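I'm opening a page for what I looked up in this structure.

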Amino acid sequence: MKYIRQILFALLILIPALPAAAHEEGEKEGVDLQEVLWGHIKDSYHWHITDIGGKPIIIHLPVIVKSSTGWHVFSSSKFAEEADANGNKPGPYGLYISGSESHANKICEMVDGQEVRPIDISITKTVAVLFIDAIILLICVLIPARWCRKHKVDDPEPKGFTGFMNMFIMYIYDDVVKSSLGKEADKYAPYLLTCFFFIFIANILGVVPFPPGGGNLTGNIACTCFLAVCTFLVTNFTGTKEYWKEVFWPPVPTWLKVPVPLMPVIEIFSIFTKPLALMIRLFANMMAGHAIAISLSCIIFIMFALNFFAGVGMTVVSVLMSVFMMLLEVLVCFIQAMVFTMLSAVFISLAHVHEHEPSKD
């Protein structure tokens, strides 16, 4: 009850302040919902935190590129804040952030009158969040591991953070990994547990609206694609002979295999649809959650642009709905991490088919 009262008190302070701020913003200019939404989801060379007094608070990230003139390392603050007549943001060494459709928001340069992309290994917002996620993951794993090295199995259970992580890890291991893989659970537990906690931490950081959070890592399809490819490689490179036999010569009537290899084609196709489902499921769910949360906040400014009283009423509704969505998003963060881990464990277990024993009847 203490925390509920604190939340309600904060809302009572926040709600009266939002109409005035939103009305002032609406008077200045309309809100481009699409720009706000994609600005959060897309990657960038800087980390925009908020605006204070009309001035943006930005963390500039390092730019590392190899252009036609060689390697260059500099801060993203070197690029102009405003676009020029061509829609580009010029920077040093003949580089600029392109405003074209083909290379939107990417560093480019002009070579022989053509816009080309240099070799770009810059620390973008997504990469920065990835590093932060990895550091937090290592902390969450190494602290319990250090306790385990210093204690025996029959020692009392740890307390505090170590005890919480021990309970969390054993829950995922027993209910997800071991229930799917059985005796082979220990072999694949390191990979599957890493997948779960990496995705879960990345999802939680995406919900936190300020650094080190605020990055939409699992809402970036490149990240979910990499995770899905890892599961694809583990599944197929560790598959048994019986698994590959059932792919190329499944136990179905012969006329379904020759002369037209109908079932083998379907089985081969299913090998690639499984990681594709993992990639799309995680990406779509996390991106949709961020889109809904941002849209609920932008409704305030949109309604104030139409009518002041409608904006005041929608402020209350939007704040309450945003709080509800944030709480729901935390649950979704856990569910999506568990679903990815569970499906990966199921796919791996399906690839470990052993030769069927002949019936004794």
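This is a predicted model: local features need pLDDT of at least 70, side-chain atom pairs count only at pLDDT 80 or more; totals for chains, interfaces and linings use all residues.

**Strands and sheets**

I started with strand E1 (residues 46–52) and strand E2 (residues 55–60), which run antiparallel and are joined by six bridges. A note on terms: helices (H or I, at least four residues) and strands (E, at least two) are DSSP runs, numbered from the N terminus. Two strands pair if DSSP finds at least two bridges between them.

Residues are numbered from 1 along each chain as its sequence is written, and side-chain values use heavy atoms, with hydrogens and water left out.

Back to the pair: I find His48 opposite Ile58 in E2. E1 and E2 make a hairpin with two residues between them. Gly53, in the turn, has a positive phi of about 65°.

Next I looked at an open sheet of three strands, with order E4-E3-E9 and antiparallel pairing. Its edge strands are E4 (70–75) and E9 (119–120), each pairing on one side only. Strand E3 (residues 62–67) is joined to E4 by six bridges, and Val63 has Phe74 in E4 as its bridge partner.

Then I took the open sheet of four strands, in the order E5-E6-E7-E8, again with antiparallel pairing. Here E5 (89–90) and E8 (114–116) are the edge strands, and each pairs on one side only. Three bridges join E6 (residues 95–97) to E7 (residues 107–111). Leu95 has Glu109 in E7 as its bridge partner.

**Tyr173**

Is Tyr173 buried or exposed? I get buried, because its relative accessible area is 14% (buried means under 20%, exposed over 50%, partly exposed in between, with a 1.4 Å probe and protein chains only). Tyr173 sits in helix H4 (residues 160–181). Leaving aside neighbours within four places in sequence, I list its contacts (heavy atoms within 4.5 Å) as Lys178, Ala185, Asp186, Ala189 and Leu193. From Tyr173 to Ala185 I count twelve residues in sequence and 8.0 Å in space, C-alpha to C-alpha.

**Second largest pocket**

The second largest pocket holds about 470 Å³ of space. Its lining has 22 residues, and the closest to the centre are Asp43, Lys106, Thr124, Thr126 and Asn220. Helix H3 (125–150) and helix H6 (221–237) are the elements that give two or more residues to the lining; H6 gives the most, with four.

For the record, the search uses a 1 Å grid over the protein atoms alone, and a pocket is an open set of points where a 1.4 Å probe fits, with protein on both sides within 12 Å along at least five of seven lines; lining residues have an atom within 4 Å of a point. Grid points are joined across faces, edges and corners, and the volume is the space filled by probe spheres set on the points.

By class I have eleven nonpolar, six polar and five charged residues in the lining. Ala, Val, Leu, Ile, Met, Phe, Trp, Tyr, Cys and Pro count as nonpolar, Asp, Glu, Lys and Arg as charged, and the others, Gly among them, as polar.

**Cysteines**

How many disulfides are there in the whole structure? My search finds zero, a disulfide being a pair of cysteine sulfur atoms within 2.5 Å.
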